[in-house]
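Subject: Structure handover

Hello,

Here is the structure I said I would pass on. My notes on it follow below.

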Amino acid sequence: MSKPRIGYDVYNIYCFDILPFLHELSSKGIKVYELKKIEQYRYEFYAITFKRNKVASLDFDIEYIKTIGILNYFRRILTNKVTLVGMVSFIVTYYLLSTFVWRVEIIGSYDNINKQIASLLIYYDISKYDLIKSQDELEIINSDLRHELKGSIDWINTYRYGNIYRIQYTKKYSEEMQQTQYQNLYACRDGVVKQFIVRSGNIIVKPNNYVTAGQILVSNNIVDTRQELKILPVDGRVMANTWYVITAHVDNLDEATSFAELQRLTRLEIQKKLSDYDSIDKEVLISFDISGNGYSMKTHYTLLQNIACK
């Protein structure tokens with residue numbers, strides 16, 4: 001019979017004939033495992049740790065060797081003060097860490113709404129190191145937040161991820177803004193499309209396509225697999241290469257000073273055409289010539305520019 005896994009004692013028994021021992025085990029209801037002869041007149045066997053007293057009561061020459069198995073580890077832990085204190089400390093620490101809030105995250109990009117939510121969360125005792133709320137409590141708090149912020153948001157969700165609270169929301173849009181949300185994106189100027197940063201909508205053109213001002217870039221409708229027309233909100237940017245030639249003129253300066261000043265002026269002028277997401281891709285000097293009492297400079301600029309507008 002194979003030995004049990006929970007914990008067992010290892011014994012040696014010295015005898016000339018093993019049969020009387022086996023008969024005694026049977027009469028006392030003691031199960032032994034992996035009985036084997038290891039030397040002449042010496043046998044080894046395993047017995048469940050719980051049967052130690054019964055084995056000790058047998059009138060045979062039995063030698064206890066060792067205890068092996070899970071129960072042995074528990075016994076060692078309970079008899080070793082340092083290990084026991086460490087285990088208890090771990091359990092207490094784990095319980096405390098799993099009971100308190102570690103962090104609160106407000107997921108949204110509107111500072112005024114974020115501040116409102118943060119203030120309300122403190123009122124509802126949802127902040128770092130507060131006790132974790134039950135799911136029922138969270139649902140009530142989420143309902144209250146929705147009511148308190150109904151003038152600012154369309155939707156809010158408060159949920160727990162481990163020991164972290166996360167609050168997500170969507171800002172309320174006016175009817176006019178909602179209508180604008182579903183308008184197509186058109187090209188504001190000519191260019192070669194390089195990159196799409198589109199969160200919603202049906203992209204009509206492809207990278208490296210040349211587009212002209214007024215052309216649809218991202219549409220508000222799409223035909224699904226059932227050939228039904230779906231109307232989509234449209235949001236995003238379409239980055240494209242666009243081109244400008246900037247001319248500047250200065251008088252009464254020497255050649256070196258004129259060159260530096262004209263370069264500064266052309267760069268200042270092209271920067272007026274850049275929005276938050278735009279950048280200068282290339283700058284090529286076309287000409288630098290004497291003009292009247294001074295100098296003129298003509299520079300060609302290639303921009304990486306958001307050309308999408310509604």
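H249 has S296 in strand β17 as its bridge partner. Strands β15 (residues 235-251) and β17 (residues 294-306) pair in the antiparallel sense over 13 bridges. Pairing here requires that DSSP finds at least two bridges between two strands. Strands (E, at least two residues) and helices (H or I, at least four) are DSSP runs, numbered from the N terminus. β15 is also joined to strand β9 (residues 191-200), again antiparallel, by seven bridges. In that pairing, S200 stands opposite D235 of β15.

Before the rest, the conventions. This is a predicted model, in which local features need pLDDT of at least 70 and side-chain atom pairs count only at pLDDT 80 or more, while totals for chains, interfaces and linings use all residues. Residues are numbered from 1 along each chain as its sequence is written, and side-chain values use heavy atoms, with hydrogens and water left out.

Helix α8 (residues 255-271) has 17 residues and should span 24 Å at 1.5 Å a residue, and its end C-alpha atoms are 24 Å apart, which agrees. The expected span is 1.5 Å times one less than the number of residues. Its buried residues (under 20% relative accessible area; exposed is over 50%, partly exposed in between; 1.4 Å probe, protein chains only) are S258, L262, T266 and I270. Seen down the axis of α8, they fall within an arc of 95 degrees, so they line one face of the helix. The arc is taken from the directions from the helix axis to the C-beta atoms. The cover over these residues includes β15, β16 (279-291) and β17.

There is one disulfide (cysteine sulfur atoms within 2.5 Å). C188 and C309 form it, with sulfur atoms 2.1 Å apart. C188 lies in the loop between β8 (185-187) and β9, and C309 in strand β18 (residues 308-309), 121 residues apart. C188 is partly exposed at 33% relative accessibility, as is C309 at 27%.

Leaving aside residues up to four places away in sequence, L145 touches L120, L121, Y124, I156 and T158, where contact means heavy atoms within 4.5 Å.

Regards
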